[in-house]
Amino acid sequence: IGTSSLRRQAFILAKRPDLKVLPLRGNVPTRIEKLRAGQVDATFLAIAGLKRLHLEHEAACVLEPEEMLPSAGQGAIGIEIRSDDNDVHSVLDPLHCRETGLCVTAERAALQVLNGSCHAPIGAYARIETHRLALNVAVSSPDGICFYEGSGSGSPEEAQVIGEAVGADLKRRVPPDILT
C-alpha cells in the first residue's frame, strides 16, 4: 500500500498487519501513474479530489468513515477572520454551515485533549444524526499494533464537551508514547 499518511498507514496496519506500506508522494496523477507502474498495489486518494479532477473512475472502492476514520476536520474549509471585523463577518456568515462547524468543533476538541499532531495517528469523525451529534475517535501506534477507539454523543450544542470527553477517555487509555 502506498501512502505517506502516518494515520492511514497505522489504521490499515491495524486491520491488515500482513500488508507492507511504502511511502508514496506526488500529486494525484503522479500517484495513479506510480500505481499503474506497479510501484505499489494500492493507494488511498480522496474521492472528492478524484471527482474534482474527473478521475473518479480510477477508484476501485470507496472507504466509508466507519472503515477508516479521517483526520479531524477533513474536508471542512475554515476561514479565520478578526473577531471585531463585522463587515467580513456579515459577508461570510451566510456561507457558514452550522452542522459542519459543530462537527469540526467536536473533532478538534478531542484532538486538542489528546495533544494531537501530525506525529500521532489519530482519526476523528463527527456527524449529526436525528438531532444528536455522534463522535468517533481512534488512536493507533504507527505500526498499527496498538489501536484504541472512543465514542460519544449528545446534543449538537455540546460539541466541545463531547469532544473533550471522548479525548479525555482515550487519553486515560492510550500510552503516552503513542501520543508524542
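Modeller: Happy to! We start with burial: a residue is called buried under 20% relative accessible area, exposed over 50%, and partly exposed in between (1.4 Å probe, protein chains only). Keep in mind that this is a predicted model, where local features need pLDDT of at least 70, side-chain atom pairs count only at pLDDT 80 or more, and totals for chains, interfaces and linings use all residues. Residues are numbered from 1 along each chain as its sequence is written, and side-chain values use heavy atoms, with hydrogens and water left out.

Biologist: Why is Tyr148 called buried?

Modeller: Its relative accessible area is 18%, so Tyr148 falls under the 20% limit and counts as buried. Tyr148 sits in strand 3; helices (H or I, at least four residues) and strands (E, at least two) are DSSP runs, numbered from the N terminus.

Biologist: What is Tyr148 in contact with, leaving aside its neighbours within four places in sequence?

Modeller: Contact means heavy atoms within 4.5 Å. By that rule Tyr148 is in contact with several residues, including Val137, Val139, Leu170 and Arg173.

Biologist: What makes strand 2 and strand 3 a pair?

Modeller: Two strands pair if DSSP finds at least two bridges between them. Strand 2 (residues 132-140) and strand 3 have eight bridges, in the antiparallel sense, so they pass that test. One of the links joins Leu135 to its bridge partner Gly152 in strand 3.

Biologist: And how are the three strands arranged in the sheet?

Modeller: They form an open sheet in the order 1-2-3, with antiparallel pairing. Strand 1 (122-129) and strand 3 (147-154) each have a single partner strand, so they stand at the edges, with one side of each left without a neighbour in the sheet.

Biologist: Which residues have the most contacts inside the largest nonpolar core?

Modeller: They are Leu133, Leu135, Val137, Val139 and Leu170, in a core of 22 residues. Such a core is a set of buried Ala, Val, Leu, Ile, Met, Phe, Trp, Tyr and Cys residues joined through side-chain atoms within 4.5 Å. Helix 5, strand 1, strand 2 and helix 6 (159-173) each supply at least two residues of this core. A second, separate core of ten residues includes Phe11, Val21, Met68 and Ala138.

Biologist: How do you know that Arg82 and Asp85 form a salt bridge?

Modeller: A salt bridge needs a side-chain nitrogen of Lys or Arg within 4 Å of a carboxyl oxygen of Asp or Glu. For Arg82 and Asp85 the N to O distance is 2.8 Å, so the pair qualifies. Arg82 has 57% relative accessibility, so it counts as exposed, while Asp85, at 16%, counts as buried.

Biologist: What is the N to O distance for Glu157 and Arg98?

Modeller: It is 2.3 Å, and their side chains meet in a salt bridge. This pair links distant parts of the chain: Glu157 is in the loop between strand 3 and helix 6, Arg98 is in helix 5, and they are 59 residues apart.

Biologist: How many salt bridges does the rule give?

Modeller: The count comes to seven. Asp169, Arg172 and Arg173 are linked in a network of salt bridges.
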